[in-house]
Amino acid sequence: PGPAAGQQGAAGPRLAAGTSPAPARSAGRSGAASPGSASPGSKASSPAGHSSPAKGGKPGQSGTPTPSTSGSSSSSPSPTTTPTKTPTTTPTTSPTASPNPPPAGFAWHKAGAKKLGTTAGVKIAAPIGWTQNIQGQALVLRPPSGYRFVEANLAAFAYAGPVAEAKYLQAQARLDHTYPHYAKIWIKPFDFRGYAAASWKFSWKETGVGKIVVLEFLVTLDTKAGAQPYALSVSSPQPKFPASVVLFKQMLKTFRPLIPAAG
C-alpha cells in the first residue's frame with residue numbers, strides 16, 4: 001500500500017524485491033468527463049408535437065344564419081373538419097441507462113484477469129477525474145493531484161489465513177525497509193462481506209511529505225472463476241487520512257470481482 005523511500009504513493013509491498021514502483025503523482029487529468037456531463041436520467045428539452053389549441057372558437061351554429069353577399073340563403077353547411085395531426089414523438093437524447101451505473105459523481109475502473117494474470121479481475125468505482133494504472137498485479141487509482149491513492153492488489157497470498165498474510169507482509173516490509181519509520185497501528189481479524197479477512201493499519205514517514213497512514217484489507221473471495229485474493233488499501237498523508245478513509249469505504253461498496261468471459 002505504500003512506497004519505498006523517496007517515492008511517493010508507490011504500490012504495496014507485494015511488488016517483488018528490487019521492483020521500482022511508479023511514483024503516484026499523476027501527470028494532469030486523464031480527460032475524464034466532468035460531473036455534469038451526460039448525467040443518467042437527464043431528459044431532452046420539452047418534447048416535440050405539443051400543438052397550440054386551434055384558433056377560431058366553436059364551429060358555426062345553424063340558428064343564426066350569416067348574411068351572404070349573393071343574397072341566397074342556404075342551409076348551414078357542416079363545418080369543415082380539419083384533420084388533427086398526431087403529435088410526432090421526437091426521440092430524446094437521454095443516455096441509455098447502464099445495467100450497473102456507478103454512484104453519482106463516480107466512474108468505473110477495472111482490470112481483467114487476463115491483463116493481471118490472475119484468476120479473477122477487479123472492478124471498482126472512483127470519483128470522476130481519478131486515473132488508473134496497472135503496477136504488477138495491482139490496479140492503482142489516484143486523484144488528479146496529491147499523495148493519496150487507492151489500490152486493489154490481486155497478487156497471490158503466501159499464507160492461507162489473511163491475518164497470517166498481513167503479518168508476513170509486515171515482516172517483509174521491515175526486512176526490506178520498504179517503509180522508513182514504520183509503525184504498526186494494528187493487525188486484526190476483520191469481516192469482509194461474510195468472509196474472514198484481516199485489517200492492517202500502519203504509518204511511515206516519507207521525506208518531503210511527512211507521516212503517511214495506510215489501511216489495508218486482505219481477503220480471499222470465492223468467485224465463479226475460483227478463489228481470488230484481494231488486498232484493498234488506501235494510503236494518504238496523515239492530515240487527510242480520515243477523509244480518505246471515508247471515500248475509500250464508499251469506493252469499497254462498489255468493489256466486485258471481475259469474472260473472465262466464458263470461452
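Trainee: Among contacts in the chain between residues at least 6 apart in sequence, what percentage joins residues at least 24 apart?

Mentor: That figure is 52%, with contact meaning heavy atoms within 4.5 Å. Keep in mind that this is a predicted model, where local features need pLDDT of at least 70, side-chain atom pairs count only at pLDDT 80 or more, and totals for chains, interfaces and linings use all residues. Residues are numbered from 1 along each chain as its sequence is written, and side-chain values use heavy atoms, leaving out hydrogens and water.

Trainee: What makes up the chain, in helices and strands?

Mentor: Three helices and 10 strands. Helices are DSSP runs of H or I with at least four residues, strands are runs of E with at least two, and both are numbered from the N terminus. From that end, the order is β-α-β-β-β-β-α-β-β-β-β-α-β.

Trainee: Which residues of α2 are called buried, and why are they said to line one face?

Mentor: Pro162, Glu165, Ala166, Leu169, Gln170 and Ala173 are buried, that is, under 20% relative accessible area with a 1.4 Å probe, counting protein chains only. Down the axis of α2, the buried residues fall within an arc of 140 degrees, so they line one face; the arc is taken from the directions from the helix axis to the C-beta atoms. An α-helix has 3.6 residues a turn, so residues three or four places apart point the same way. Their cover includes β6 (183-192), β7 (195-206) and β8 (210-223).

Trainee: Why are β1 and β10 called edge strands?

Mentor: Two strands pair if DSSP finds at least two bridges between them. The open sheet has the order β1-β2-β10, paired antiparallel. Here β1 (106-111) and β10 (256-258) each have a single partner strand, so one side of each is left without a neighbour in the sheet.

Trainee: What makes β2 and β10 a pair?

Mentor: Strand β2 (residues 121-127) and β10 share three bridges in the antiparallel sense, and the definition asks for at least two. In β10, Arg256 is the bridge partner of Lys123.

Note on methods: Buried < 20%, exposed > 50% of the residue type's maximum accessible area, 1.4 Å probe, protein only.
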